[in-house]
Amino acid sequence: MYEGKFPHKRYQKTLEFLRKYTPAPASILDLGVTNPFVKHMEQEGYTVANTTGEDLDIHTQAVLSEDYDMITAFEIFEHLVSPYNVLKDIKANKLVASVPLRLWFSSAYRSKTDLWDRHYHEFEDWQFDWLLEKSGWEIIARDKWTNPVKKVGIRPLLRLFTPRYYIVYAERKSV
């Protein structure tokens, strides 16, 4: 097992969740381009392939393959206009996905310099659950955690105890 330090609390929490519900070895298609978290999954014993940056709202071909044990999507669906389409098209029977939760005290993230790095959605947990259920998934497990920041102020104080990330393990519903 990888015992190193994680640069983000969410890396640690995500890997713990992944270990618990789908332990390695497993072949994963991770939605989104290769990112620093992929290295942590590989060190844990997972075989990981990533999508190539295609617009998953339009091009869902990558998830049509049955060559993977599971699909992972860590903070991806909030960037899509219609995450329903890609969720519906996934052929793998297992999914681990996380999304940032909508915070009542902070507006949705919008990069000032990167047109693609913006959140079209920031979900409430029930909304993400509903999206998954409607697209053919049954949620088996879920968790939430906070994302404290090292700043002074009302928002940083609220972030100490307000969950920011929501993660689920789901399986394809049998038809």
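Here are some questions and answers about this predicted model.

Me: How far apart are the end C-alpha atoms of helix α1?
Reply: Helix α1 covers residues 9-21, which makes 13 residues. At 1.5 Å a residue, the helix should span 18 Å. The value computed from the model agrees with that, as the end C-alpha atoms are 19 Å apart.

Me: Are the buried residues of α1 on the same side or on opposite sides of the helix?
Reply: The buried ones are Tyr11, Thr14, Leu15, Phe17 and Leu18. They cover an arc of only 160° around the axis, so they sit on the same side of α1. As a rule, an α-helix has 3.6 residues a turn, so residues three or four places apart point the same way. The answer, then, is the same side.

Me: Which residues does the cis peptide bond join?
Reply: Look in the loop between α1 and β1 (27-30), where you'll find Pro25. Omega is about 5° for this cis bond, and the pair it joins is Ala24 and Pro25.

Me: Is Glu75 buried or exposed?
Reply: Glu75 is in the loop between β3 and α3 (83-89). Its phi is near 55°, a positive value in a residue other than glycine. Buried means under 20% relative accessible area. Glu75 comes in at 14%, so Glu75 is buried.

Me: What is the relative accessible area of Leu87?
Reply: Leu87 belongs to helix α3. Leaving aside neighbours within four places in sequence, Leu87 is in contact with Phe77, Leu95, Leu131, Leu132, Ser135, Trp137 and Arg172. Leu87 counts as buried, with a relative accessible area of 0%.

Me: What separates the C-alpha atoms of Leu87 and Leu132?
Reply: Leu132 is among the residues in contact with Leu87. Along the chain the two are 45 residues apart, yet the separation of their C-alpha atoms is 7.2 Å.

Me: Which residues form a nonpolar patch on the surface?
Reply: One member, Leu157, lies in helix α5 (residues 154-159). Leu157 is partly exposed, with a relative accessible area of 47%. Together the patch has about 330 Å² of accessible area, and its members are Leu157, Leu160 and Phe161.

Technical notes: Residues numbered from 1 in each chain as written. Predicted model: local features only at pLDDT ≥ 70, side-chain atom pairs only at ≥ 80, totals over all residues. Heavy atoms only, no water. Helix = DSSP H or I, 4+ residues; strand = E, 2+ residues; numbered from the N terminus. Expected span 1.5 Å × (residues − 1). Buried < 20%, exposed > 50% of the residue type's maximum accessible area, 1.4 Å probe, protein only. Arc of directions from axis to C-beta. Patch = residues over 30% accessible without salt bridge, like charges linked within 9 Å, V, L, I, M, F, W, Y side chains within 5 Å. Areas by Shrake-Rupley, 256 points an atom, 1.4 Å probe, with all protein chains shown as cover. Salt bridge = Lys/Arg side-chain N within 4 Å of Asp/Glu carboxyl O. Contact = heavy atoms within 4.5 Å.
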